[in-house]
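User: I'm new to reading protein models. Could you walk me through this one, feature by feature?

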Amino acid sequence: LISIPITMIRFSCKAAALFRSFCTPKTVQRCLHSTPVVRNVTGGFMGTVGNTPLIRLDTISRETGCEILVKAEFLNPGGSVKDRAALYLIKDAQEQGRMRPGGTVVEGTAGNTGIGLAHICNALGYQCVIYMPNTQSQEKIDTLRILGADIRPVPAVPYEDPDNYNHQAKRCAEGLDNAVWTDQFDNTANRKAHFETTGPEIWKQTGGSVDAVVFGTGTGGTLAGVGSYLKSLKKETRVVLADPPGSVLYSWFKTGELGNRKGTSITEGIGQGRVTANLQGTQLDDAVFVSDEESVEMTFRLLHEEGFCVGASSGLNVAAAVQVVCYVFWYTCMKCHDQKILVKDYICITEPSPERLAVRMPWLGVRIRGTTQAGRDWSRVYISTGA
């Protein structure tokens, strides 16, 4: 630790002496006006958004027999996937001529979109005003204040209430000169961000071999953008929505009706009481419900078995991915009966035996109903992650 700066100081002294020995005023002027050749250098904060790695969850992949991969969006400069949407929301306002230098960006957000917006506003010289439910974590509020945003926590009320944080953000922007409400929920620039960046990254990183993608969703932008892009290249790709308690999207997909929101969830920033403009028209293949207990359990598994310290919404996504794997097993057993089972090129079970399946994935808590003799009724076999 000591030798490195000493070496640098010695080098700097020699370099300075060498520079003084041969640099005349003319040569110095030529140096100043020359264009250096610089490679692999990113342009500012905005240039660091995206291109996050795709990581294999070794333990969970090994246990399920499937390749379960996670997109490391926490490596975005603002710390979340919302940096992508924030960048595109501001670019959209600029391209439409709704922003002038020194203007104000106003948004209603549970936190992460606001953090991304605050970073970009600092980089571009804009002011940032954030309305957020007062149920969000203190860490997010503190982070936004450090970033210089004007934070306005308000009571958490349904979207239908005129005092919902999104409606308050809209009214605030309308009352300010040179201000824009970026409207992350219904501004489809959000979805566009993921169609143009996240989706192509996943396709490239998997070599086009991705079979299913799973998303918890709040605005719907990530699910809609990534799902639409992947299906445009490979229509067999399954797009699955993961929903926490207190949200209506699982019910909406299964029944076609939104219903009433019941209960709450410890997860922040996901779950929804309506179908947003970003989500409308998205081709979904399935939806899964993930309880808070499952989300928390998986969050701690990711920490203690994979080494990743993430939040409950990340735990929800991985727990949902495991549910999708379970469904693939069940569905394939239903179709294949006593023939060889081949699932996603990763799982090969020579006999569709529930007992063997239980040995293969004991942690899934496989429960077997019905006879175990030949000619069994496969519709009575199910796999539960909650067992």
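Analyst: Let's begin just after helix 11, where Gly307 takes a positive phi of about 90°. Keep in mind that this is a predicted model.

User: How far apart are the end C-alpha atoms of helix 11, and what span should we expect?

Analyst: Helix 11 covers residues 292-306, which makes 15 residues. At 1.5 Å a residue they should span 21 Å, and the end C-alpha atoms are 20 Å apart, so the two values agree.

User: Which residues of helix 11 are buried?

Analyst: Here is the general idea: an α-helix has 3.6 residues a turn, so residues three or four places apart point the same way. In helix 11, the buried residues are Asp292, Glu294, Ser295, Met298, Thr299, Arg301, Leu302 and Glu306. Leu303, which is also found in helix 11, counts as partly exposed because its relative accessibility is 35%, between the cut-offs of 20% and 50%.

User: Now for the inside. How many residues does the largest nonpolar core have?

Analyst: In soluble globular proteins, nonpolar side chains tend to be buried together. In this model the largest nonpolar core has 23 residues, and those with the most contacts inside it are Ile90, Val105, Cys128, Ile130, Leu144, Ala149 and Ile151. Two or more residues each come from helix 4 (82-95), helix 5 (112-124), strand 4 (127-133) and helix 6 (138-146). Helix 5 gives the largest share, 5 residues.

User: Can we zoom in on one member? Which residues is Cys128 in contact with, leaving aside its neighbours within four places in sequence?

Analyst: Cys128 is then in contact with Val105, Leu117, Ala118, Cys121, Ala149 and Asp150. There is also a second, separate core of 21 residues, with Leu57, Ile60, Val288 and Cys326 among them.

User: Let's turn to charges. How many salt bridges does the structure hold?

Analyst: Side chains of opposite charge can pair when their charged atoms come close. This structure holds 17 salt bridges. One of them pairs Asp177 with Arg100, with the closest N and O atoms 3.5 Å apart. That pair links distant parts of the chain, 77 residues apart: Asp177 is in the loop between helix 7 (165-174) and strand 6 (179-181), and Arg100 is in the loop between helix 4 and strand 3 (104-108).

User: Is Asp177 buried or exposed?

Analyst: Asp177 is exposed, since its relative accessible area is 66% and the cut-off is over 50%.

User: Where are the partners Asp285 and Lys231 in the chain?

Analyst: Asp285 is in the loop between helix 10 (249-255) and strand 9 (286-289), while Lys231 is in helix 9 (residues 221-233), 54 residues apart. The closest N and O atoms of this salt bridge are 2.9 Å apart. Lys231 counts as buried because its relative accessibility is 11%, under the 20% cut-off. Asp285, at 27%, counts as partly exposed.

Note on methods. Residues numbered from 1 in each chain as written. Predicted model: local features only at pLDDT ≥ 70, side-chain atom pairs only at ≥ 80, totals over all residues. Heavy atoms only, no water. Core = buried A, V, L, I, M, F, W, Y, C linked by side-chain atoms within 4.5 Å. Buried < 20%, exposed > 50% of the residue type's maximum accessible area, 1.4 Å probe, protein only. Helix = DSSP H or I, 4+ residues; strand = E, 2+ residues; numbered from the N terminus. Contact = heavy atoms within 4.5 Å. Expected span 1.5 Å × (residues − 1). Salt bridge = Lys/Arg side-chain N within 4 Å of Asp/Glu carboxyl O.
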